[in-house]
Amino acid sequence: MTPQWYVANKDEAEFWTEERCYIAELLNDDASPEASLAVARVTPGVTTQLHKLAGISERYILRKGGGVVEIDGESYPVKVGDQVMIPADAAQRITNTGEEDLEFYCLCVPRFRPESYIALE
C-alpha cells in the first residue's frame, strides 16, 4: 500500500502556456495543497503575459539567463541566483533580455490552481 506522504513521479513533459512561456510542473498535487513547484522557461526576447495569481504568493528563483521582472508596475533586472518574492494578487510579468532561455523555479503558496490565474492583458 502506498503511503499518504508519497507522490509518484508523473513524468509530465514541459508544456506551452497562454502566459507565453513553457512550464514543467515538478510538484502540483492534492497531496501537497500548501505549495507547488514548477520550472518556467521564457525564450529570448519574450515578455510573459501580465497576470496575477488570486490568493497565491509566488517566489521566483532564477537558474538560467537574465531579464527584467515587473511586479505591480515596478521593474528590476534579475540574473541567475536572484530571488523574487511576489505577493498574492500582484500584477506580474518577466522579460527575457538575454540571448539564451531564461529559466526559473516558481514556488507557489498555496499550490497553483489554473482558476487562480487572472490575465491582465
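I take helices and strands as DSSP runs, helices being H or I of at least four residues and strands E of at least two, numbered from the N terminus.

**Ground rules**

I am working with a predicted model, in which local features need pLDDT of at least 70 and side-chain atom pairs count only at pLDDT 80 or more, while totals for chains, interfaces and linings use all residues. Residues are numbered from 1 along each chain as its sequence is written, and side-chain values use heavy atoms, with hydrogens and water left out.

**Entry: P44**

I started with P44, which I found in the loop between β3 (36-42) and β4 (51-53). P44 is partly exposed because its relative accessible area is 36%; my scale calls a residue buried under 20%, exposed over 50% and partly exposed in between, using a 1.4 Å probe and protein chains only. I then looked for its contacts, meaning heavy atoms within 4.5 Å. Leaving out residues up to four places away in sequence, P44 touches N96, G98, E99, E100 and D101.

**Entry: S36**

Next I looked up S36, a residue of strand β3. S36 counts as buried because its relative accessibility is 4%. Setting aside neighbours within four places in sequence, I find S36 in contact with L27, N28, C106, L107, C108, R111 and F112. I94 is another matter: its C-alpha lies 20 Å from that of S36, and the two are 58 residues apart along the chain.

**Entry: aromatic pairs**

How many aromatic pairs does a search of the whole structure find? I get two. To pair, rings of Phe, Tyr and Trp (its six-membered ring) need centres within 6.5 Å; planes under 30 degrees apart are stacked, over 60 edge-to-face, and the rest tilted.

W16 and Y22 make an edge-to-face pair, because their ring planes stand at 65 degrees, with the centres 4.9 Å apart. The rings of Y60 and F104 are tilted, because their planes are at 45 degrees; their centres are 4.3 Å apart. This pair links distant parts of the chain, with Y60 in strand β5 and F104 in strand β10, 44 residues apart. I checked accessibility too: Y60 is buried at 2% relative accessible area, and F104 also counts as buried, at 2%. Y22, from the other pair, is partly exposed at 27%.

**Entry: charges over rings**

My test here is that NZ of Lys or CZ of Arg must be within 6 Å of the ring centre and within 35 degrees of the ring normal. Y22 turns up again, with the charged end of R41 over its ring, 4.1 Å from the centre. I also noted R63, whose charged end sits over the ring of Y105, 5.1 Å from the centre.

**Entry: pockets**

I searched on a 1 Å grid over the protein atoms alone: a pocket is an open set of points with protein on both sides within 12 Å along at least five of seven lines, where a cavity is a set in which a 1.4 Å probe fits but cannot get out, and lining residues have an atom within 4 Å of a point. Grid points are joined across faces, edges and corners, and volume is the space filled by probe spheres set on the points.

The largest pocket holds about 380 Å³. Its lining has 24 residues, with T17, E19, I23, F112 and Y117 nearest the centre. Two or more lining residues come from each of β2 (22-27), β3, β4, β5 (57-64) and β10 (102-109). Which element gives the most to this lining? It is β3, with four residues.

For classes, I count Ala, Val, Leu, Ile, Met, Phe, Trp, Tyr, Cys and Pro as nonpolar, Asp, Glu, Lys and Arg as charged, and the others, Gly among them, as polar. The largest pocket is lined by 15 nonpolar, five polar and four charged residues.

The second largest pocket has about 230 Å³, and V7, A8, N9, K10, D11, E12, E25, L26, L27, N28 and D29 line it. That lining divides into four nonpolar, two polar and five charged residues.

**Entry: backbone notes**

I found a cis peptide bond between V109 and P110, with omega about -10 degrees. P110 is in the loop between β10 and β11 (117-119).

D72 is not a glycine, yet its phi is positive, about 45 degrees. I place D72 in the loop between β6 (66-71) and β7 (74-79), and it is exposed at 54% relative accessibility.
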